[in-house]
Amino acid sequence: MSAFRPSAVTARDGAVESCDVCIVGAGIAGLNALFAASRYLSRDQKVILIDRRARVGGMWVDTYPYVRLHQPHPMFTAGNIKWTLGQDRSYLATKGEVLDHFQHCLNVIEERVQVDEYFGWAFESDDEVDGIVRVTCRSSDGHSLVIEAKRLIKAYGLRVMPNDPLEISSARVQSVSPDYCDVRSGEMRSSDAPVWIIGGGKTAMDTAHALITEYPGREVNLVAGRGTFFSSRDRLFATGSRRWWGGTLGATIAAQMGRRFDGTNETEVQDWFRCTYGTFLTPGAGNFVLGVLSELENKTISAGLNDVVMDYFVDAVDSNGATELVFRSGSRKTIQPRSWIVNCTGYFGVDRGYPYEPYVSASGAVVSIQPRSATLHLPAFQGYFLTHLLFLDKIGDVPLYEVDLQELREKSNVVFPYALFALVQHNLSLIYDSVPSRVFSENGLDFDTWYPLPRRLLSTAQFVLTHRRTRERARRVLDTVRERFDIRCGPLSQE
């Protein structure tokens, strides 16, 4: 297991550095971009890796301490770099183990290509002059740095930021964020007061599970909005001998989704997916953002929760000697003084109003991986495949669709995941026709690698035979989504 080391590179104020590639962001997207770039660069070429954080890891540096991967750890990596954890393949890695693996990935890549790490430096701007991209950065202590690069990859990913505690009116309750308060220790441990978790997604489930298993019998409650359902890990990642005959490959689910979703019937498709592949606390859960949960985890959480409120939290107030939660519907609920309010609401950058920029600049020298011009479902996949297209000089020629996920989430949260499935089917088909076969064989992110080779070969054969026909249908679906919701959804040539 590799140890974390601080950035070995320092820069004087106003310095100018040069490199072949500059990558902004050292999370899972940036590491996959770095892995792909290392397949084209020689040992004497240089990459500069920038991140505002003090180390490699991206959002995993900032997030709550009890977070775990929701998928088996081998498929969460850079390229095809193997884990050195020594755990069973189904093991869900902890925050510390994920960060150690990210450092290991960086170490492996640095054996292939020179990487200068500028951790603690924040990206400020970029501009292209005479075929060179000039990147301006600033350190945490105020020093400036200019980097001149042939190519720039802005691997922002989902732009996940730590959550602050919710602002509340009551002076009788304690409002905290799991990013700054470990619910398993400190004042939370020394208190026996009830806990109210605000939110119903992955963070809320992790927090509920941590509280319920850490403090058996403690009152834990959930304010879940309209509820969230998750993909069942048991159905996606069958274990033991069931890997040969049970579970369902991701490619199969995508094909089924592609045959069902036509761009207008998201409610029908949602009901089918929830019943076929979902797990949920409440049958009417209507929110899905690609999270994964096991049936056992769901059962533990469901059994341990004292109350589940299907409404949206607005405030906690003190009124007439009582403390009440106020909900969007106008209803109120009296709670015990000294209760804890834990903010587990949304983290994703699609909700934070960042400006649009295309996934590739007009010159083809700058790639941007972020929610306003998404080309695939997860930033890690975008970092991996877009960087390959960049170095193959094909990124400007392949007519990938980009989708503004911020606009789509604002217009229709329900259609969001199913439009993403269509986007993946369309763009992966184009990429498959444009890159060497090794690009796909070296993609260790593929969930289907969980299953034995014979099952994967059948799935691959079906993809090869049908992907162009499926691509055309996915294109029509995406065009329908664009027309229905008036969002940016199409190839760059339409801009």
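How are H1 and H3 oriented to each other? Before the answer, a word on what you're looking at: this is a predicted model, where local features need pLDDT of at least 70, side-chain atom pairs count only at pLDDT 80 or more, and totals for chains, interfaces and linings use all residues. Residues are numbered from 1 along each chain as its sequence is written, and side-chain values use heavy atoms, with hydrogens and water left out.

Now the helices, which are DSSP runs of H or I with at least four residues, numbered from the N terminus; strands are E runs of at least two. Helix H1 (residues 28-38) and helix H3 (residues 95-110) have axes that come within 10 Å and cross at roughly 20°. These axes are lines fitted to C-alpha atoms, for helices over the stretch in contact, and angles run from 0 to 180 degrees between N-to-C directions. H1 and H3 are therefore roughly parallel to each other, a label for angles under 35 degrees. On the H1 side, Ile28, Leu31, Leu34, Phe35 and Ser38 meet Phe102, Cys105, Leu106 and Ile109 of H3, where contact means heavy atoms within 4.5 Å. The residues of this contact split into 8 nonpolar, 1 polar and no charged. Nonpolar here covers Ala, Val, Leu, Ile, Met, Phe, Trp, Tyr, Cys and Pro; Asp, Glu, Lys and Arg are charged, and the others, Gly among them, are polar.

Next, hop over to a sheet. It's an open one of 3 strands in the order S11-S10-S12, with mixed pairing; strands pair if DSSP finds at least two bridges between them. Strand S11 (278-280) and strand S12 (292-293) are the edges, each pairing on one side only. Helix H8 (residues 266-277) packs on this sheet, touching S10 and S11, and its direction makes about 50° with that of S10. Strand S10 (residues 229-232) runs parallel to S12, joined by 2 bridges, and Ser231 has Val292 in S12 as its bridge partner.

Further along, strand S15 (residues 322-327) and strand S16 (residues 332-335) pair antiparallel over 4 bridges, with Thr323 opposite Ile335 in S16. Their hairpin has 4 residues between the strands, and Gly330 takes a positive phi near 100° there.

Positive phi turns up in non-glycines too. Arg338, in the loop between S16 and strand S17 (340-343), has phi near 75°. At 45% relative accessibility, Arg338 counts as partly exposed, the class between buried (under 20%) and exposed (over 50%), using a 1.4 Å probe and protein chains only. Asp393 has a phi of about 60° and sits in the loop between helix H10 (379-391) and strand S19 (401-403). With a relative accessible area of 57%, Asp393 is exposed.

Note on methods:
Parallel < 35°, antiparallel > 145°, perpendicular 65-115°, else oblique.
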